[in-house]
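Hello,

Here is the structure for your files. My notes on its salt bridges follow below.

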Amino acid sequence: MKHLINIYFNDNLKSIETFLKTKKLLEQKGFEVCTDFNKKAELNICIGGDGSFIRGVHGSDFSSIPFVGVNTGTLGFFQEINFEHIEKFIDDYINKKYFVEKMRLLECEMRTKDIVFSDKCLNEFVIKSNNSEIIHLEIYIDGNLLETFAGDGLIISTPSGSTAYNMSAGGSIMYPTLKGYQLTPLAPIFSKVYRSISNSIVIPNTSVLKIVPIEDSHKKISFIKDGIENEYKDISYFEFKKSKTMLYKLIFNENWYWINMRDKFL
Ligand code: NAP
């Protein structure tokens, strides 16, 4: 039976060219390539930038089949492999010359007057006002009221997502395998009227973070998952905790995270 590999790619010309090259090389080595997610595959390759990696992960419904990112995008923080190194990547993959990075996802349960649903993210969840008004949110950690936040909103980020929106908002960089997640305020107000912690807080994986909007219940709130935005009203609470689902990413250079950090950000 042929070994199957899923390839997800975006529609820019460089990605299509990279897909055709990767497909040809994999087929020469006896693999079969699927462009629709196949549950029987042994590897998921995402070609493009981080957006493509994120969409590949979501499209597979957070599959436990390992992922590899091939960069044709603008930043490509998740994408270790470049166009010039595809042959070497395939050889290293066949010869099992790689490490497996386990990325912990974050889960959110949201309850409104009418629905309860839960969802996962790779980078972050964001809670924001859906207009230019201040949002007021009670923040509880393990049932303890920490503060009543006032400001633009909150980012709840995974370690892997810490270099994305979280970092732009002044949050810390967390190594992807660290066991925790991060709460980062967006423009928190600190005055005689409102008191909000202005630093980001790293929360252990064993803790549950609950956020309760204290708005007029008919006011809509934006809830953003890895860049995908929806608006809800009548929200009773959001509850965040580590997900039981792990994402597996193959790494070909053990020191890649720090090299990547330097090369992509400095
Ligand atoms: P996008 O708005 O097209 O791209 C956002 C930028 O963030 C891109 O340069 C993307 O890299 C980069 N990025 C995504 N995940 C990253 C990560 N884990 N570490 C470092 N950089 C990362 O949207 P998108 O490509 O669909 O990505 C969605 C993400 O955008 C969200 O999850 C959020 O983190 C981020 N975002 C950031 C800001 C901000 O920094 N102010 C605001 C809104 C959303 P590529 O160029 O390789 O795609």
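Glu27 is partly exposed, with 37% relative accessible area. (Buried is under 20%, exposed over 50%, and partly exposed in between, with a 1.4 Å probe and protein chains only.) Its partner is Lys23: the two side chains form a salt bridge, 2.9 Å from N to O. Lys23 is partly exposed too, at 27%. Both residues sit in helix 1, residues 13–28, and are four residues apart, about one turn of the helix. (Helices, H or I of at least four residues, and strands, E of at least two, are DSSP runs numbered from the N terminus.)

A note on the source: this is a predicted model, where local features need pLDDT of at least 70, side-chain atom pairs count only at pLDDT 80 or more, and totals for chains, interfaces and linings use all residues. Residues are numbered from 1 along each chain as its sequence is written, and side-chain values use heavy atoms, without hydrogens and water.

How many salt bridges are there? The count is seven, taking a side-chain nitrogen of Lys or Arg within 4 Å of a carboxyl oxygen of Asp or Glu.

Another of them joins Glu133 and Lys219, at 2.9 Å from N to O. Glu133 lies in the loop between strand 8 (124–129) and strand 9 (135–141), and Lys219 in the loop between strand 14 (209–213) and strand 15 (221–225), so this pair ties together parts 86 residues apart in sequence. Glu133 is partly exposed, at 43%.

Asp263 and Arg262 also pair, at 3.1 Å from N to O. Asp263 is partly exposed at 48%, and Arg262 is partly exposed at 46%.

Best wishes
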